[in-house]
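Visitor: Can you walk me through this one? I'd like to start with a helix.
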Amino acid sequence: MQIAFHIGANFTDEDRLFKSILKNKANFRKHGVVIPGPSKYRNLIRETIQRLNGAIPSEDTREILLDSIMDDENATRLVMAHEQFICVPNRVFENSEFYHLIRQKIGGLRRIFAEDQLEIFMGMRNPATFLPALLEASKFNQLDEMMRHIDPRTVLWSDAIENIQSMAPDARLTVWANEDTPLIWAQLIREIAGVDPMEPITGGYDLLSAIMTKDGMIRFHKYLKTHPPQTEIQKRRIIAAFLDKFAIEEEVEETLNVPGWDDTIVEELTDIYEQNLEYIATMPGVNLIEP
């Protein structure tokens, strides 16, 4: 059994990607792909991992879980997603470490589905916008308090990736930058579902329609009909061009309200993030989806 789990991270696509995947539930089932509703597994898997607390699960744990989650014994791939699988915002910097709980969660997932082919999917986000979003959603009033006095400049997604690989070295790991999602949305749907890159899908432009004006979307679809792209690269260039002209400003621009921050720290964090993405692209065993 292939187990595909989109683990977030927090404040990346915020479950919108999974909703687009769910639109294709009936079609993907024809390919042996089962996409259960979140209520069937989110609490169940979280509670199972917590209860195990690092221990080896009993022989029937996997079967009991799958019987509760799936309704198709002939399925070959199970797709799940949970934006807060790793942890809630308050705990992202617990123990003064970025995503300290990722080892426990991934280790538990790997042990539960030890006999399965595990695939992990994770979106990443520029700390310059990720940290303010976390702060706003957390119980903390100050960034330094939330981060347990960690320097924001040391927040690297490659550290989280290395921790995932340390607990599930045989798992296929696919990651992407959240900032790129309008351009790669359709590819993400197909990759997570494990279907052919040319498989017809619904919802490939869901995110685009949320961040582009109605007039822009009408013009975009008309353009695709009269100038159908011959390659994925061409399609992404078209999307980028229309976004540049018709993006809804408040949907694509971030308001950063962190006391003590100025343009200099934002630019510095962005530079570090972009350099880290370049490093992640070279990491063995990591599939970085780029535009």
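Guide: First, a term: contact means heavy atoms within 4.5 Å. Helices are DSSP runs (H or I, at least four residues), numbered from the N terminus. This is a predicted model: local features need pLDDT of at least 70, side-chain atom pairs count only at pLDDT 80 or more, and totals for chains, interfaces and linings use all residues. Residues are numbered from 1 along each chain as its sequence is written, and side-chain values use heavy atoms, with hydrogens and water left out.

Visitor: What does α12 pack against?
Guide: Its buried residues pack against α9 (181–193), α10 (206–211) and α11 (214–226).

Visitor: Which residues of α12 are buried?
Guide: K235, R236, I238, I239, F242, L243 and F246. Buried means under 20% relative accessible area, exposed over 50%, partly exposed in between (1.4 Å probe, protein chains only).

Visitor: Why are they on the same side of α12?
Guide: They cover an arc of only 155° around the axis, which puts them on the same side. The arc is that of the directions from the helix axis to the C-beta atoms.

Visitor: And what's exposed on the other side?
Guide: R237, D244 and K245.

Visitor: New topic. How many residues of each kind line the second largest pocket?
Guide: Seven are nonpolar, three polar and seven charged. Ala, Val, Leu, Ile, Met, Phe, Trp, Tyr, Cys and Pro count as nonpolar, Asp, Glu, Lys and Arg as charged, and the others, Gly among them, as polar. A pocket is an open set of points on a 1 Å grid over the protein atoms alone, where a 1.4 Å probe fits, with protein on both sides within 12 Å along at least five of seven lines; lining residues have an atom within 4 Å of a point.

Visitor: Which lie nearest its centre?
Guide: R190, P197, M198, E232 and K235.

Notes
Helix = DSSP H or I, 4+ residues; strand = E, 2+ residues; numbered from the N terminus.
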